[in-house]
Each structure stands twice: as C-alpha cells, then as structure tokens.
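Hi,

Here is the model I said I would pass along.

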Amino acid sequence: MESTPHSRFQLSERIKKDPIAFADQFLGILPHPGQRRWLRESKKRLISILRPGNKFGKTMVEAIIHIWECMTKPKIEGKVWSEDEWMRVQYNTLVFGPTYEQSRELLGMIVEMVQGNMIIQACPSCDSHRINKKNAKDK
C-alpha cells in the first residue's frame with residue numbers, strides 16, 4: 001500500500017470502532033457506566049436520543065460522540081476508495097436541543113475539549129468525573 005501524507009495520522013482499528021476507547025485513549029476521559037452504555041448504543045443508530053436526569057454528564061458524553069464521529073467518520077466506512085478521498089469528504093454531525101443555549105453549550109464544550117482547555121478529574125468514590133477549565137480562576 002502506498003504511503004500518503006496522512007498515513008501517520010491513522011487511528012487504531014479499536015479507536016475507529018469504539019467511542020469508549022476513543023474517549024479513554026484519545027481524549028483521556030473514562031465515561032461512567034451509564035455514559036458507556038449510551039455510547040455503545042448510539043454508534044449503532046442514525047439518530048440517538050439522550051434524556052437522562054441531572055448530573056449525568058449529557059453535554060460531555062455528547063461532545064465525545066460528536067468528536068469521535070468527526071475524527072473517525074464511521075458512516076462512510078467502505079464508501080471511499082482512498083485515504084486522500086476519506087480526508088476530503090466533508091462529514092457533519094447535528095445536535096438538537098430544546099433551546100439554542102443548550103446546543104451552544106455543547107459546541108463550546110467540543111471546542112474546549114479539542115483545544116485541550118479542560119482538565120477532567122476522576123472521582124473514584126462516585127465513578128464519575130469533574131470538569132474544570134484550565135484557565136478558570138478560583139472563586
């Protein structure tokens with residue numbers, strides 16, 4: 001197989017197929033069991049609906065799936081013939097919410113995660129995590 005300029009950026013097969021492995025190995029985030037269940041199910045569906053209660057980490061888990069989708073482009077698997085073509089294909093994800101503010105908050109979290117402006121700390125006693133912005137000032 002001829003090497004292309006993009007070959008060095010290839011993701012492992014596990015990360016391409018598993019948003020949980022992607023979150024753990026690429027973003028440094030280990031989703032809690034409820035989030036892992038949703039991530040496993042959402043990758044199988046064209047439309048995924050997330051409606052859990054407060055403090056589930058909805059925004060974070062949605063950010064993970066949007067970043068994974070855009071980085072791995074799973075819906076075009078087997079539909080493009082070359083790595084260069086795969087890189088050129090525009091790939092979009094959509095988010096819908098009851099309010100514009102909620103959708104905007106998700107976009108903000110995606111940007112912060114991709115830019116590396118977040119510190120995500122594990123909470124071992126509660127099998128969860130806490131998110132802090134790197135440059136946030138203490139109150």
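Just past α4, K73 adopts a positive phi of about 50 degrees. Before I go on, a word on the ground rules: this is a predicted model, so to speak, with local features needing pLDDT of at least 70, side-chain atom pairs counting only at pLDDT 80 or more, and totals for chains, interfaces and linings using all residues. Residues are numbered from 1 along each chain as its sequence is written, and side-chain values use heavy atoms, with hydrogens and water left out.

Back to α4, which covers residues 58-72. (Helices are DSSP runs of H or I with at least four residues, numbered from the N terminus.) α4 has 15 residues and spans 21 Å from its first C-alpha to its last, close to the 21 Å expected at 1.5 Å a residue; the expected span is 1.5 Å times one less than the number of residues. Several α4 residues are buried, among them M60, I64, W68, E69 and T72. Here buried means under 20% relative accessible area, exposed means over 50%, and partly exposed is in between, using a 1.4 Å probe and protein chains only.

How many salt bridges does the structure hold? There are 3, counting a side-chain nitrogen of Lys or Arg within 4 Å of a carboxyl oxygen of Asp or Glu.

E69 is buried, at 9% relative accessible area, while K75 is partly exposed at 32%.

Which residues do shared partners join into one network? Those are E13, K16 and K17. E13 pairs with K16, their closest N and O atoms being 3.2 Å apart, and K17 also bridges to E13, with the closest N and O atoms 3.8 Å apart.

Why are E13 and K16 about one helical turn apart? Because they sit 3 residues apart in helix α1, residues 13-17. K17 and E13 also both lie in α1, 4 residues apart, again about one turn of the helix. As for accessibility, E13 is partly exposed at 45%, K16 is partly exposed at 26%, and K17 is partly exposed at 47%.

Have a look when you get a minute.

Cheers

Methods
Helix = DSSP H or I, 4+ residues; strand = E, 2+ residues; numbered from the N terminus.
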